Amino acid sequence: MSAWWSYRPEDLLMFSSRVYERLFVLHNQALWPAQPLALALGAGLCLVLLRPTAGRLRLVALLLAAAWGFVAWAFLWQRYAPINWGIRYVVPLFALQAGLLLVLGGRRGGLALPSGSGASRGLGLGLAGYAVFLHPLTAVALGRGLAGAEVFALAPDPLAIATLGLAAMVRPARHGWALLVVPALWCLFSAATLSLLDGPAAWPPLLAVAIAVAARLMAPG
Amino acid sequence: MASEPHALTRRQLLGGLLALAAGAALPPCSAVAEPGDILTRRVPATGEALPLVGLGSWITFNVGDDPLLLASCTAVMAAFFAGGGRMIDSSPMYGSSQATIGHGLAELDAAERVYAADKVWTSRPAEGPAQIEASRRDWGLPRFDLLQVHNLLAWEENLATLQAMRAAGEVRHVGITTSHGRRHAALERILREADLDFVQLTYNIVDREAERRLLPLARERGIGVIANRPFQQKRLIRRLEGKPLPDWAAELGAATWAQFILKFIVSHPAVSCAIPATTRVDHVRENLAAAREPLPDAALRRRMADYVHRL
């Protein structure tokens, strides 16, 4: 595209809010009854982050890796890419994130959680809890109904926000930063898209990135 | 699609000659009133009459494989054809829009009715033919009526591909597009030098830069003009909503701002058609109704533009 920098952001948006909302409705219809299972897995993730052990943390990393792979295939590739050709370039990033979680979470000592109740831990837990239990309800708050809910492990935003929660508090810090990059980029991309489609919906992913970065900076090395 | 067989029969040859004669008897871009029908204007290159209002597909037809939204788009297309519309314009850049159009054409059995306008959109010209073939499969047509180089992208090489296809009878017309008023200087040079049937550019009652040089040049060179972004992707309509239409809009047959704007666009003698996009059946009908008599003359067009400018 020539002179792309001179286009307004809304000129680059190639689908309507109605089409975007219907993506989640159709996705949920196709996957039902996976949603209760995904919620149960999300609740398990929050419990592990509350009471972590090395073994449980490895399990969480494996679960998240599988979820990043699944969302990349089932949502991004199958549903989102047909209406947004740019998503084809995002799918490898999701695969990279899945690989990072496997490599860092799968090896002994790759990921650890600080004991105690520091601010970074609280913020990280808050992000994970929000992603699993509250984010699906934003669809209701925005008048889209539960049929269009974005559910952890099935849709990209809650998955990215939950992963930001983990990345905000894990040790060592360099592994936390490494795990933070792709979810933060996705949340920024999603916030930009949502701000063009439906202003208020852009805030959760945007705030999640700000909170995760702040928590990461506060976290002990 | 108004497809033409490769081997002409005598009747078709005579019909074509009559059409050419009719075209030669008229100024290159005169609007042709046919009672009961929407107004048409002849494609300068061939004399073929095309309705003054077509149908765009940017955003509105990018609905993926959602059965509900596909049915909604098919209803829009049905209303478009029922109202006398013919040209539908799309691009490989528009996500799933081409497949949506193909779905609608198959559902409505409308391949013979549509004037199919698509684009080649690649910076790697060697990939152009494969992209065009993929687009053709999505539309489900034997060939396109018009292929355009999208946004001047690698235009020299891509246009050469399209011209070769035209020479081989694989497409009827070729063109080039821009939008948002961009690269008009380059476009002017292309209009002067290249062998084109159509140019597509942004033209509406507030984006009038094309009036200065491009529209007169297109008319002089016998190049049809397709006006995109007639409503600035709804921004113009939103801006005018709530403001009163002038009393004299009724004399124009313009009952809404959309019709007021469309009548302004298609009444320019260089414009072949405008291509508003919509998801609504009532808007398709409203848009097509703008392509009926009366159309404003030059003095009234100035008055229309001044009125909107003052708002």
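**Buried strands and a chain interface in a predicted model**

Modeller: Strand E8 of chain B is covered on both faces: B:Phe198, B:Gln200 and B:Thr202 on one side, and B:Val199 and B:Leu201 on the other, are all buried. The model is predicted, so local features need pLDDT of at least 70 and side-chain atom pairs pLDDT 80 or more, while totals for chains, interfaces and linings use all residues. Residues are numbered from 1 along each chain as its sequence is written, chains are lettered from A and ligands numbered from 1 in the order in which they are written, and side-chain values use heavy atoms, without hydrogens and water.

Biologist: What makes E8(B) "mostly covered"?

Modeller: Five of the five residues in E8(B), residues 198-202, are buried. Buried means under 20% relative accessible area, exposed means over 50%, and partly exposed lies in between (1.4 Å probe, protein chains only). Strands (E, at least two residues) and helices (H or I, at least four) are DSSP runs numbered from the N terminus.

Biologist: Why is strand E9 of chain B called largely enclosed?

Modeller: Five of the five residues of E9(B), residues 224-228, are buried, so the rest of the structure largely encloses this strand. B:Gly224, B:Ile226 and B:Asn228 cover one face, and B:Val225 and B:Ala227 the other.

Biologist: How many bridges join E8(B) to E9(B)?

Modeller: Five bridges join these parallel strands. Two strands pair if DSSP finds at least two bridges between them, and therefore E8(B) and E9(B) count as paired. B:Phe198 stands opposite B:Gly224 in E9(B). E8(B) also pairs with strand E7 (residues 171-177) of chain B in the parallel sense, over three bridges, and B:Ile176 stands opposite B:Val199.

Biologist: What makes the meeting of B:Asp66 and A:Arg22 a salt bridge?

Modeller: The two side chains meet at 2.6 Å, N to O. The definition asks for a side-chain nitrogen of Lys or Arg within 4 Å of a carboxyl oxygen of Asp or Glu, so the pair qualifies. Chains A and B also have five residue pairs in polar contact, both residues at pLDDT 80 or more. Helix H1 (9-12) and helix H2 (17-31) of chain A each supply at least two residues to the side of chain A that touches chain B. H2(A) gives the most, with four residues. A polar contact is a pair of N or O atoms within 3.5 Å; within protein, one must be able to donate a hydrogen and the other to accept it, and residues adjacent in sequence count only if both atoms are side-chain atoms.

Biologist: How many residues of chain A are in contact with chain B?

Modeller: In chain A, 19 residues are in contact with 24 residues of chain B, contact meaning heavy atoms within 4.5 Å.

Biologist: What makes A:Ala153 count as buried?

Modeller: Its relative accessible area is 10%, and A:Ala153 is therefore buried. A:Ala153 lies in the loop between helix H6 (119-141) and helix H7 (156-169) of chain A, and has a positive phi near 75 degrees.

Biologist: Why is B:Gln233 called partly exposed?

Modeller: B:Gln233 has 27% relative accessibility, so it counts as partly exposed. Phi of B:Gln233 is also positive, near 50 degrees. Most residues other than glycine have a negative phi, and most peptide bonds are trans.

Biologist: Which peptide bond with omega of about 10 degrees is cis?

Modeller: The bond joining A:Trp32 and A:Pro33 is cis. A:Pro33 is in the loop between H2 and helix H3 (34-50) of chain A.
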